[in-house]
Amino acid sequence: MTSLLRRCLVHSAYASPTGLTQNYVRAMASNSCKSPRIAVAQMRATNDKQHNLAQVQAITEKAKANNVQFIFFPECCDYVGTHREETLRLSEPLTGPTVEEYKKLARDNGVWMSFGGVHESIHEESTESGHEVKNIYNTHILINNAGALVASYRKLHMFNVVTPEFKFRESETVRSGPALVPPVATPIGRIGLQICYDMRFAEASTILRKLGADILTYPSAFAVSTGRAHWEVLLRARAIENQCFVVAAAQIGFHNKKRESYGHAMVVNPWGEILGEASQQDLDVVIVELNYAKLESVRANMPCFDHRRDDVYSLSAREDVPFVSDSLSNEKYLFGEFEIHPDMVFYVSEYCFAFTNIRCVVPGHVLVSTKRAALRLPELSPAERNDFFQTVCKVEKVAERLYNASSSTVTVQDGPDAGQTVFHVHCHIMPRHEGDFPENDQIYTELNRHDKEPERPRRSDAEMADEAKRFREEFSRLL
């Protein structure tokens, strides 16, 4: 199982490892099916959840008759409320009856399904009143052919707009999500999860491609006026600039007296060609094959991602995901000449990893290292430097919480004359407390000799692994 897949499963609190059969993992890893057949739905949801479920079932029957492996449904496939209070009242957690029906449908038909925007309810305790408050996310979920929910993404960008034709403030009802989800490995390719208005933010799609996406998804309930102006051009642009397939299931028609959607469910190939587009009817299904030979040729003949100027600009996403040790992973974490066991690693970013220390100057003394074996800070690329110091800040925050510290000493010994003994860029993070040293700067003396003193014993593997586990747990609570 790849480290990318492992991070994807961490993002999804509802991932079911028991649903990951050997054949499923092998299919995801190899993407052996070079022309998978998919179905992309167009429907008209209302505030009648049973009627909407019946539409989902009818579309599934049509798609299944065409021997597809994957069915994509649009945003708001569960319902479209007529007002804020109704939208909140109808929402459910991802463990609720609507998602359970979706799981059963996927399992009974033996197909993967993307439900591109369900109203996920969560209950949080109000800090002021002490009462629980209901909040909802617009959440894109993937369900595999065994009926397991394997990934979820909460919409990042809220549709708060004013146009001559209408105004809409999604944030008055829905909370924005906290992070991008790395592309999810599936039998039809690696899927980058997005929702509707997200398509206007090209940075997110580029990061998903950078993380390995083959397919970008934009399930939508796009407004009519903006749809006429921008729907096709935005979808084709995201496909061309990222050299990915773009899949956009869509709502169409009047959901109620106040809200109408544009329709035109669509699939675009990596060259920007429209492979299929829905009619102007609801309950329509677009059936296409994703030709991976085309994707490979486009990327080979025009290798745009090899031409990006990381020395001038770079894009990176927050990957607020605590590391999970996985015995199936082949990824190695090298720190100079030393290999760090995955049990001691508690956080992994794009270019760095954080791990517990053999000999600590103070409790909670941990290290952040670059993945690439650079000797000095100036050798790092702009993207590596940016990621390195962002990771340091995240780890510092978690270390202070875990050790109830008021401050931290954060230091890079950049070169042997600065005290560097492992010739690989790394940073020491040491939580501090009032009076922990008679003289505050004594910590630098202790740091300079901490791995040279015979009287400072090496910590056991079990002790370091236990501390890494506590760091991972604290990351989860914080994030």
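Among contacts in the protein between residues at least 6 apart in sequence, 69% join residues at least 24 apart. The model is a predicted one, and its secondary structure comprises eleven helices and 23 strands. Of the 479 residues in the protein, 56% are buried.

**Nonpolar cores**

- The largest nonpolar core contains 46 residues, and Ile38, Val40, Phe72, Trp231, Leu235 and Leu290 are those with the most contacts inside it.

**Packing of helices H6 and H7**

- Helix H6, spanning residues 202–210, and helix H7, spanning residues 224–242, have axes that come within 10 Å and cross at roughly 40 degrees.
- Because angles under 35 degrees count as roughly parallel and those from 65 to 115 as roughly perpendicular, the two helices H6 and H7 are classed as oblique to each other.
- The handedness of the crossing between H6 and H7 is right-handed.
- On the H6 side the contact is formed by Ala202, Ser205, Thr206 and Arg209, while Arg238, Glu241 and Asn242 contribute from H7.
- By residue class, this contact of H6 with H7 consists of one nonpolar, three polar and three charged residues.

- Met430 is part of strand E23, which covers residues 426–432, and it counts as buried because its relative accessibility is 0%, where the cut-off for burial is under 20%.
- Leaving aside residues up to four places away in sequence, Met430 touches Val361, Val362 and His365, the residues Ser407, Ser408, Thr409 and Thr411, and also Ile443 and Leu447.
- Although Met430 and Leu367 are 63 residues apart along the chain, their C-alpha atoms are separated by 8.9 Å.

- Glu170 sits in the loop that runs between strand E7 (167–169) and strand E8 (184–186).
- Beyond four places away in sequence, the residues touched by Glu170 are Glu75, Asn138 and Lys155, along with His157, Met158, Phe159 and Asn160.

Conventions:
Residues are numbered from 1 along each chain as its sequence is written. This is a predicted model: local features need pLDDT of at least 70, side-chain atom pairs count only at pLDDT 80 or more; totals for chains, interfaces and linings use all residues. Side-chain values use heavy atoms; hydrogens and water are left out. Helices (H or I, at least four residues) and strands (E, at least two) are DSSP runs, numbered from the N terminus. Buried means under 20% relative accessible area, exposed over 50%, partly exposed in between (1.4 Å probe, protein chains only). Contact means heavy atoms within 4.5 Å. A nonpolar core is a set of buried Ala, Val, Leu, Ile, Met, Phe, Trp, Tyr and Cys residues joined through side-chain atoms within 4.5 Å. Axes are lines fitted to C-alpha atoms, for helices over the stretch in contact, and angles run from 0 to 180 degrees between N-to-C directions. Angles under 35 degrees count as roughly parallel, over 145 as roughly antiparallel, 65 to 115 as roughly perpendicular and the rest as oblique. A crossing is left-handed if the near helix is turned anticlockwise from the far one by less than a right angle, and right-handed if clockwise. Ala, Val, Leu, Ile, Met, Phe, Trp, Tyr, Cys and Pro count as nonpolar, Asp, Glu, Lys and Arg as charged, and the others, Gly among them, as polar.
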